[in-house]
Amino acid sequence: MSYFVKRIYILGLLFVLIVGMSIFWGQRHLQQQRQREIERSIAFKTEHIIDQISSDLNQAESALKVAESFITAAGKEDQIRLFFQDILEQNESYSAIYLGKAVGETIYAGKNGGEVELDDPRVRPWYQAAVQENKPVFTAPYIDNIGGHLVITLAQPVYKEKELIGVVGIDKSLSGMLELLEEQKASENGHSLLFNAGGEVLVCPCPDYEVEQHKNLFDVSDLQREFLQGQSGGTIRAGLHGKDGYFKFQALDGLDLYVGTFAALSDFTDQKALNRQVVVTVFLLSGAVFYLLVVLPKKHIIGPVRELNNDIMAISPEDFSYRLPLRPDHVFGDLRETINISLEKAEQYFQNVVLQQEELTAAFDQLVAHEEQLRAQYEEIKGHQAQLRYIAGHDSLTGIFNRRKFAEDLITSLERGASGAVFMLDIDDFKNINDIQGHVFGDKVLRHVAELLKENLSSQAKVYRFGGDEFLILLEGIVSRKESKVYIEEIFGYFKDSCRIDGRLTHLAVSIGVVQYPLDGESVDELLMKVDIAMHNAKKAGKNRFIFFESNMAATFSARVHIERLLMKTLQKKNFKMLYQPIVESSSGQIAYFEALIRIKNNSLSPAVFIPIAEESNLIIPIGRWVLREVIRQISRWEKKEKDTKRVSVNLSPKQFYDAGLLGFLAQELNCHKVDPSLLEMEITETVFIDNIDEAVEIIKGIRALGIKVSLDDFGTGYSSINYITRIPVDRIKLDRRITSKLVENHSVMEGLVIIAHGLKMEVVAEGVESSEEARFLKKAGCDYLQGYFFSEPVPPQDAFQIMHVSYGGIPSLED
């Protein structure tokens, strides 16, 4: 019996404990409800304040934008000041509006309406901040020096055509904001305030504040460190003026400002309700004790059995997570543990089954998804097959067949044993079109030529773009040159007249090389090589013509390739050398200067042979720069030995002349070796003026601006020398040997030519002087300088230095 009595008292004490805990949690629940009520109240007040302040500031920002538009449109100070005054009259909270100009002046309008002397606005924080941020800015509140009011300044930069006019600003009074914060209190003893991210209180209608948390005092900067960092708002438990409560803060969008609202707990707590709660608690505890001592014994035996029955009935075949409650010293404790172990095993088995089912489902879904993806990709590939086939066989720029398609068609024709012809067509001077009119226009020219050939040639002819400005035409069934010439004449007819491309009147010409198959070759590579040789021979022959491939062209091409490789190897190993031929002043017989001439060491190949090949292969640029660098170095060496060093002239090819880096290279080398530019002379030929005389004149002026003299070489060999000689700013002209030899017998013509040159302030040099009679005649005709083997052949640098001051005045032909 004592066992049961003991159990009853133990159960009674447990029940009392449970009831006490229930009361504790009930009180806590009430406290949480009260907290939520306070948070809702202060959140509502805070949002209302933020809405009011944001609306007020947005209105001020809109006024700034209107003022900006008016300033850029009006421009007059009186109009701007009147407009500012209208804005002030429409907005009572604005104390002043002004424009700080970029020149240091200020257009001011204030509530007092009088003139105000202001400092340079450019040193004011609001002006500097607006210019730096390049957008509307807000200042921290401050006391206005003019009106004595608490204000903030809103400022915005004003630009007109990307030029800064100044900064327009509005001083907004905070008196209305103070009234708003005073009105919008969350409770009777609560307060609302405005502070910045640094914790400084900016606007607060309350007296000195004090904030505490967990009974430790914090200032607002501590709150910022603890709660505002990385957050735009939040709610904390805090104290203010000795009252415990909650503090709600929220950031204003676009500003470095926060609105805070404090509510005291005492304003939400009802003491009478607390007293009633205590009475109820005591009553409940008394009832609990009575229940434990009187009622519970009756249920001590029946209760556990009924409880066990109910727990067993709660087991569900669909939810294996349920477990029978276990209590220490329970009558059926062992039985409950056994049942729970069985339930746990059943749950594990069920979870394994569910997991396997989920894995199978996921694998099946993944397979279905991959199948759908593969099917979609297959359909996409099928849809693009036609497009891919088109792209593979067509040129992307012109839309006609490409080189790959040409090879396929020619192989097919050769494999069938058919005969035919291949034309390679190249646009003459296409590089000049690109250089002068631009690559965009050049692309339009290529499209025009492709369309011209495609639309006009017969269906028997197929047109392909080979690359660059080269096109191929495949004619199957052509067996004789006569048949090919019919098509060639037809093609030249397309380019006979000028055409209009992109609104520009343009004249085009083409050079054509022709091969016949299987006569000239039975493979694509062989036929392409031979038709390319034929086309380049047409170019060499003067352009705007056609040439059939001949067997001897292959040998010429091989020789050209051999010389090109020789030049490349010589350039890499720096195996060139320079010779110097003196140019004699006819009046004194003294050497006036030298002409530098390039040769290949240990090789007798003439420059007349390898220079044109260097021009065609673009090796002339690096070779030419080597020559210029070597000549400047040689002048520097001579200057170190002899102060009175003679000038040296260097020949410039057309490609060197039009090299964009020529002037910079010359200036760099002359400066590097400390050589006087007047000791260097550039010789150019008439061919540089053929394409663009205006551009050539500008380049010559650039060379002469460096202090370098310029002479016109081979004068008289071109077709328009007299036409442009009056326009070109050269220092002297050099008469070609072919001219002087023809004019020896016509003294008056030679004298007239020299007179023209002297009239244009140009000196005259006669080249190729090989006899005393020629020297005498050319001196008598007025030539200033003479050059030729009669005086000296080209010699190495050391020999040129030895004869630098030799005089030929004793030669009878130069004596007066």
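**Salt bridges and a cavity**

User: Glu-767, buried or exposed?
Analyst: In this predicted model, Glu-767 counts as buried, because its relative accessibility is 11% and the cut-off for buried is under 20%.

User: Which side chain does Glu-767 meet in a salt bridge?
Analyst: The side chain of Lys-734, at 3.4 Å from N to O. Lys-734 sits in strand β26, while Glu-767 is in the loop between β27 (763–766) and α23 (772–780). The two are 33 residues apart, and the pair links distant parts of the chain.

User: And Lys-734, buried or exposed?
Analyst: Lys-734 has 0% relative accessibility, so Lys-734 counts as buried.

User: How many salt bridges does the count come to?
Analyst: The count is 29. One of them joins Glu-681 and Arg-732, with the closest N and O atoms 2.4 Å apart.

User: What about Asp-694, which residue is its partner?
Analyst: Asp-694 forms a salt bridge with Arg-727, and the closest N and O atoms are 2.8 Å apart. Asp-694 lies in helix α19 (residues 693–705) and Arg-727 in the loop between α20 (721–725) and β26, so this pair ties together parts 33 residues apart in sequence.

User: New topic. How many cavities of 30 Å³ or more are there?
Analyst: The count comes to 3.

User: How much space is in the second largest cavity?
Analyst: About 40 Å³.

User: Which residues line the second largest cavity?
Analyst: Ile-621, Gly-624, Arg-625, Leu-628, Gln-656, Asp-659 and Leu-662.

User: Which helix gives the most to that lining?
Analyst: Helix α16 (residues 620–641), with 4 residues.

User: And by class, what does the lining have?
Analyst: The lining of the second largest cavity has 3 nonpolar, 2 polar and 2 charged residues.

User: What shows where empty space is left?
Analyst: A probe the size of a water molecule is rolled over the atoms, and this shows where empty space is left.

How values were computed
Residues are numbered from 1 along each chain as its sequence is written. This is a predicted model: local features need pLDDT of at least 70, side-chain atom pairs count only at pLDDT 80 or more; totals for chains, interfaces and linings use all residues. Side-chain values use heavy atoms; hydrogens and water are left out. On a 1 Å grid over the protein atoms alone, a cavity is a set of points where a 1.4 Å probe fits but cannot get out, and a pocket is an open set with protein on both sides within 12 Å along at least five of seven lines; lining residues have an atom within 4 Å of a point. Grid points are joined across faces, edges and corners, and a volume is the space filled by probe spheres set on the points. Ala, Val, Leu, Ile, Met, Phe, Trp, Tyr, Cys and Pro count as nonpolar, Asp, Glu, Lys and Arg as charged, and the others, Gly among them, as polar. A salt bridge is a side-chain nitrogen of Lys or Arg within 4 Å of a carboxyl oxygen of Asp or Glu. Buried means under 20% relative accessible area, exposed over 50%, partly exposed in between (1.4 Å probe, protein chains only).
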